[in-house]
Amino acid sequence: MKVFLYTAALCALLLMGAALPAQAAGDAATQTEPQLCLTQQITCEENGTYTLTLQAWAEAGAKAAPGPESQLRHTLAPEYTATEETDVQAYAVDKTHSGWGQVKRDLPGLQLTADAQTGTLTVTGFDYTTNAVSEKPRLDSQGHTTFGRKLVVRVSGLQPDYAATFGGCGVTAGEGGLYTAEKGGTQPVCLAGFPAAAADIPLRCTYAPADQTLTEQQEVNFGYMINPPGGNAGNIPDGKNNAWCTVRYTVSDKTGPVAEYTVPAAAAMSGGCWTLWPSNSYHAPGRYTVTVTLCAVQDPAGDPPPQGSARRLILQTGAAAEKARS
């Protein structure tokens, strides 16, 4: 009996020992490779301006970590625009044993360029290999202890561009990433991209319905009222400016709504439809009320949002339809 128990225990130990290498190999497989890390954030300040913050660093041992000739590029979304008050800063922040430091470090060699037409920022001169971030301290070229550094680009004082957007919820900030340098006419290669980031822009647009003069045989033309062929109706949906909201036009007389036209988000005015078709009854000349309602496509359920927020905007104005004088 004792021999049997000893043999069984020995077999169990052998089986456990055989399983250990496989388990260790599994643990090694779950460890992630060091990589390039990029973050993007856009926030709305109390004064209504927006601040874009870009960060980039390489983890120690990352195979794709480039040198100072690489380019950090970011193209701002057309819904945001820079003004004379916009400020752009590029600096480094040290990694510490407990997180990131608070001191903004100016690094010699950092070069920042901005293309106002395309809204593209480019930063070169940061060595991601030399400044690689690690949890273990090491000595830098000057003999100082370092955990590495990250590059930070901060763009403050951005404004919504209401010539390009009606606003809405979750408006994308822009896109870009870390690229190799262009050499010998070869195109730069993207090593890592910025994750998506977005902010809310309060809904806003202008609208002025068109008056019309009718002949004796004509009825009121609601299509002309909300979208006159000659323009001059204010901001009309074009598929881009209303990318983040639906637009609904409601025409009412003294009896209530008589016509309604809805343009889905990201559709041009011609891509809308009559959600309340004008009735076949005769529409007499007179004064009509036109209500324009903008609703964010990501409008959460619940209580109606406040007027003029990033979720809802209601404009109300009037248009006259008169008979031509004989």
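This is a predicted model: local features need pLDDT of at least 70, side-chain atom pairs count only at pLDDT 80 or more; totals for chains, interfaces and linings use all residues.
## Strands around S21

Strand S20, residues 286–296, runs antiparallel to S21, and 10 bridges join the two. One of the residues to look for here is Cys 295, whose bridge partner in S21 is Arg 312.

If you find Gln 212, you will see Ala 321 of S21 standing opposite. As background, side chains in a regular strand alternate between the two faces of the sheet.

## The cysteines

How many disulfides does a search of the whole structure find? The search finds 0. Cys 205, for instance, is in no disulfide, and the nearest cysteine sulfur, in Cys 245, lies 7.7 Å away. Cys 205 has a relative accessible area of 11%, so this residue counts as buried.

Cys 295, the partner of Arg 312, is also worth a look. The closest cysteine sulfur to that of Cys 295 is again in Cys 245, but because the distance is 8.4 Å, the two are too far apart for a bond. A disulfide would need the sulfur atoms to be within 2.5 Å.

## A loop residue with a positive phi

Finally, turn to the loop between strand S18 (256–263) and strand S19 (273–276), where you will find Ala 266. Ala 266 is not a glycine, yet its phi is positive, at about 70 degrees. Is Ala 266 buried, partly exposed or exposed? Its relative accessibility is 48%, so Ala 266 counts as partly exposed.

Technical notes. Residues are numbered from 1 along each chain as its sequence is written. Side-chain values use heavy atoms; hydrogens and water are left out. Helices (H or I, at least four residues) and strands (E, at least two) are DSSP runs, numbered from the N terminus. Buried means under 20% relative accessible area, exposed over 50%, partly exposed in between (1.4 Å probe, protein chains only). Two strands pair if DSSP finds at least two bridges between them.
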